[in-house]
Structure formats: C-alpha cells, structure tokens
Amino acid sequence: MQPVSAIEGRAYPLGASNVDTDVIIPARWLKTITREGLGRGAFETIRSAQGNVFDDPRFAGAPILIAGDNFGCGSSREHAAWALLDMGIKAVIAPSFSDIFSGNAFKNGILAVELPQDQIDRLLEVAATDPVRIDLETQTVTTPFQDRFAFTIDPFRKHCLLEGLDEVGLTLAGAEAIGAFEQGRAQTMPWLGKGTEIAA
Amino acid sequence: MASQPRTLYEKIWEAHVVETRDDGTSLIYVDRHLVHEVTSPQAFEALRLTGRKVRRPELTLAVPDHNLPTTARVDASGRRLPIADAESASQLAALERNAPEFGIRYIDANAREQGIVHVVGPEQGFSLPGTTIVCGDSHTACHGGMGALAFGIGTSEVEHVLATQTLLLKRAKTMEVRVNGELGPGVTAKDLILHIIGTIGAAGGNGHVIEYRGPVFEAMSVEQRLTVCNMSIEGGARAGLIAPDEVTFAYLKGRPLAPKGADWDAALAWWRTLRTDEGAQFDKSVVIDASQVEPTVTWGTSPEDVVAIGGRVPDPASFADPAKRQAAQKSLDYMGLTPGMAMQDIAVENVFIGSCTNSRIEDLRAAATVLKGRTKAPNVRWAIVVPGSGLVKRQAEEEGLDAIFRNAGFEWREPGCSACLGMNPDKVPPGERCASTSNRNFVGRQGPGARTHLLSPAMAAAAAVAGRLADVRELG
Ligand code: SF4
C-alpha cells in the first residue's frame, strides 16, 4: 500500500446520505477476477442519470468524494473500496461511515474523513468551483478560502496510512518473528517446511 | 513437570503461535495453503500491485475445481476444449497464470491429480496431522479428518497467507461431540454428521472448534472422517477435528507429498502425541448415542433440517420458537412440501453423487454397491456421478464402478465441484428436486429454485433406483 500523507484536488460534491454498497458497486460486477476495472461499474445507477456529478467534466479524475451521512452502508463487499480506488478516489469526506466500509477503506488505503454536517455543507459549496486539501499529518481539511477543519482519526490507523502499512505490511514489518519461528521449525520438524517440494 | 491437560485443538494451536499480541490475538503460522480459482484472483492481484512475493511458495498448492465444467475436457485428438462461459474461463486462466508467476505448484485442469481442493489435499499427502491448513473456502474444515486444524478464509486473508505464511487469529472455544456406541447397518458417516448438525443446530458450533470423539470415529476410515469434518461448518464451527491415529498414518504413508524416510519417523513420533489429554476440559460438550442414528435426509433449506428416512415432513406449528416456525414454513414453501408427508413419498428428478463431502472412492463404492444390477427409475431425469479427483476416477474405473453407474443410467463425469454449487454448468433446474450427497441445501445452492435433499451416497443411489427418497436398508 502507498503511504498517504496529503490528498489535494477536485472533489465530487455528491452530498447524498446512506450511499450503500449496492450504489457504489452493483452486485453484477462482483464476478471479476481483479480489483481493477471496477471503476466502470462504480455508481452505475447514479451515472445513468443525466447531469450527475460523476460525469461532470469539472470533476473528472477527482481524488476526493464528499458525501452525506452513513456512507458505505450495506454489504461487506470489499469491492466497494476497490471500485472507488479504481475511479481514482483516495479519500471520502462524510459526516459518518458504516463500520465495515471504513474498515475496508482503511485496508485499501482510502482515507475516510469525518466532519460535521455544517462543514460538509461548506465543502460542498467550495468543491463546485475549487479544490480541497486533506492533510493527514495535521488532521485538517483546508480550502483556498482559509477554511480549516480539524478531524480526528484512530492513531493506529493514522500511523498505518502515513507509513503505507496495510495488514499484510504490518505483519511483514514483524517478519523477524516469522523467520525465527520458521528456523525453529526447520530444526524440530523439518518435514513441515517441505510442502510440495517433496515430490520434486 | 506436570503440565495442564490440553485438548487436541490447544496442542495444535500452541504449536503454531508465532507471537501473541496484547489484544489477545495471535499470529498463527500456516503450514499448508490450498488455492482454487474463485477466491484467489484478487489476492494475487494485490501481491502484484504491491510488488510482494509469496513467502513460502512450496507451502501452497493450487488446483482448479469450482468453475471447471465436468464434461469432457479434451477432444478425441487430446486437444483442450474451450470453456464456454467467458467469466469462468477467465477465472481459470487467471489461476493458471498466477500460480507459476508466484512459484506455486499448480495442478492443471487436465492433470490426473486434478480434483476438488479438499479431496486433493489429503489424497496427495499435502494435508498432514497436526498442521494448520487454510483455503479460501469454508469447507476447508474437511481436512480436520486428518487431525489437522483446517478452516476457510476470505480473499484478504488469502493474500495475507501468501505474503506472510501467517494469519492473525483469536483462539476459538472448544466443543466436544462424543458419539458412544456403534452405528447400525446402512448408517454412514454422512448420516451421522447430518444427525449431529440436527442435534446441535446450524449455529451450534459458532465460535468453537469441534472435536469428534468416541469409538465410532476411531472405527472410521480416513475418508469417512473427512466426510464428518467437512460439514463442521454446517454446524456453525469453523473447524472440526478427529485425533490422528494408526488409521491416519497408514492412509498417509507413501502419498506423494507425505514425509519420507527419517522425516516420516520423526513426524510419526509427533503425530502420536496429538490427542486430547485425559482430564482436558472442553467449553461445551454434546453426547450422542450412535444406535439412535438412522439413515438421515434433509427436508428444508438449512442443514439442521434433518429427519430419519422413516420420518415425515415436520409441521411448522410444531416448532416452539416463532422464528423457527416461520423459517420452517418458508423452507417448506420453497421445497414444495406439505407437513406430515412421508419422506419416502418425496419423488426426485435429479440425483447428484459428488462434492468434497462424498466423492471419494469409498463413497463411489458405497453407491455402486446399491446400484449394481439396478437402474434409475424412469422419473429420474438426470443422475450424475462426479468423482472428487482424477485419481478417484481412475481407481473407480479400474474397479469397474463406472460401468455400474453407466448401466444404472448415471452420467460419469470429470472431477470438480459440479452441482454442489450453481456456478458451473451443472445445475438443478428451478422447481426440480435433487437427492444430493453434497453439503448445503441452501435456497438456490444447486441453481436458482433448485430443491436439495442432502443424504449419503448409498441413500442417493437408493433414491435413484426408487425415484423417490428411499431407505437403502429396505432395498436389500
Ligand atoms: S464441492 Fe462444493 S462445498 Fe466442496 S469445495 Fe466445491 S463447491 Fe465447495
């Protein structure tokens, strides 16, 4: 996972509440073999309507999404996070997130920033014409107009995001313990380490 | 030094702790990892995107099974036949590409050793007693029949195992299912596990690892033990275990990936210590009298909906719990059954003998014994036998079982998951009924609208002959 420090750019001013995982990525897209390419199915139902934010050229390739309450509710599909990443979204700002979604977002290096509704409203206004900046180090969201909103984030998650550590990365960071375990094993139970090599 | 008596689960768990964290989770070492085409593509993709390697490629074995059609795979000249469904074809192609790219041993779709992951692991001697075994598939519980701690994992965990050969886990609670006495004639391991699930309930094992104990399991072959442990997940337990013994060791000796020479001797010495100590405590205990177990079938859409073959479809009103009552009514509506109907009056149009629960050679022998000199009833439209692996298939052919099945009106297929799940072309049509040796009778499991009755291979054969659910003991 890439380290995340600051994300700056245009933001889709979606604003809607209760954006569920079926809205983010409909079930028919789940048969894929990759995490990539899901961007094509992302927000499919919203995009089928004329004049939607996702097809507005002003926001093309925006790295930030601004939404309403309870973003990512619904199923546990990790595909929702994969779909956002595939369409280039690296951060979502909303008043609240579903637990499962925020876990999946974190696992995939997507910043889920919680701000109160009045600040969201202000950001939606700015986003129509100007970029927004999220700084993870200082835990602030700023705009070119002196707006400065502080947000909170779990210190452990912040550390992982700044260092680019996903769960796999974290375990790998403590890989000496695994190596030591394997060495011990190689002495006491060598056959366990041979696996498919036995029938070479 | 007197150490605390420990259960088999605790012994295996403790032998695999790399480190324990403050929050009570432990990093657990994974000895054996099985991979199939459906739940692995995104895991490999993630490794590629992050530039990570597989830590110990030799501890993972890949084999396609879920999506592979079970019809002929090569034409008369030995050329590989294309797979019609584009998405299945691409999933299979992905595994075929990913395995060599990451240095993982891959069993090709056309190899003789190909088969259902949970049949292949024990058969190749890859699944060993005392090991931790994982796979992106909930029926990994199956390998508990070898005395291994085996359980299913999700795609992110598949990635974690590939990259680190470990998993971050919380210790499970322990549950003992003790079966006393002896099984009656015509009563098999499948009947017993269905009966157990009926007793403990589909959520009975939640949060627990089950250890099956008692003389019945000691008397079982390894294949029968695999059948029992396979369905632990239907009882809510992520894993099931049976202590390895001389039967297990004899089964393993000489298998291609089993330890050899001095390794074998050392392994054997350790394996012999793998049993629950006298006086060890289980968090939960259930005792079952084997003599009470009849040939068993399911009537509903949960694996706990079981009844003896001589019994009747229950009346939803007979359930005290209102939620259960409602669920039973929904099940009966879906299954097209009326309360009070004799189970033996239920006609079946389809018979499926296969799946990781019951597709091994002993299963096929049991079914063939019933079918020998008989044919399927005219109302049975579709009857198939799908061996669990190419090696099972070849063994059956050497024994002439394929001829018995064909003469009885069964199709003799190539190995794979087949009609166990409605993913590949083998599906039960909507509204039709299937007597099935698989493990899940969920709504739509064998295809949209399909109605599944779970039973043993011998009972499936009896159903084919009778054209309805039937008591194999009465067939004579
Ligand atoms: S046979 Fe059925 S239960 Fe077993 S692995 Fe295949 S799909 Fe899963």
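Author: Let us begin with a term: a polar contact is a pair of N or O atoms within 3.5 Å; within protein, one must be able to donate a hydrogen and the other to accept it, and residues adjacent in sequence count only if both atoms are side-chain atoms. Across the interface of chain A and chain B, this rule finds 16 residue pairs in polar contact, both residues at pLDDT 80 or more. This is a predicted model, in which local features need pLDDT of at least 70 and side-chain atom pairs count only at pLDDT 80 or more, while totals for chains, interfaces and linings use all residues. Residues are numbered from 1 along each chain as its sequence is written, chains are lettered from A and ligands numbered from 1 in the order in which they are written, and side-chain values use heavy atoms, with hydrogens and water left out.

Reader: Which helices of chain A give two or more residues to the side that touches chain B?

Author: Helices are DSSP runs of H or I with at least four residues, numbered from the N terminus. Those helices of chain A are H3 (79–86), H7 (167–173) and H8 (175–188). H8(A) gives the most, with seven residues.

Reader: How is the size of an interface expressed?

Author: It is often given as the accessible area lost when the parts come together. Here the buried area (1.4 Å probe, summed over both parts) is about 3,500 Å² between chain A and chain B, with 57% of it on carbon and sulfur atoms. On the side of chain A, Ile33(A), Trp191(A) and Thr196(A) lose the most area to chain B, together 22% of what that side buries.

Reader: How many salt bridges are there between chain A and chain B?

Author: A salt bridge requires a side-chain nitrogen of Lys or Arg within 4 Å of a carboxyl oxygen of Asp or Glu. The count between the two chains is six. Arg185(A) and Asp31(B) form a salt bridge through their side chains, at 3.0 Å from N to O.

Reader: How does one describe aromatic rings that lie together?

Author: A pair of aromatic rings is described by the distance of the centres and the angle of the planes. Rings of Phe, Tyr and Trp (its six-membered ring) pair if their centres lie within 6.5 Å; planes under 30 degrees apart count as stacked, over 60 as edge-to-face and the rest as tilted. Over all chains, the count is 16 aromatic pairs. One of them, Phe249(B) with Trp271(B), is stacked, at 5.7 Å centre to centre and 25 degrees between the planes.

Terms used: Buried area = accessible area lost by both parts, 1.4 Å probe.
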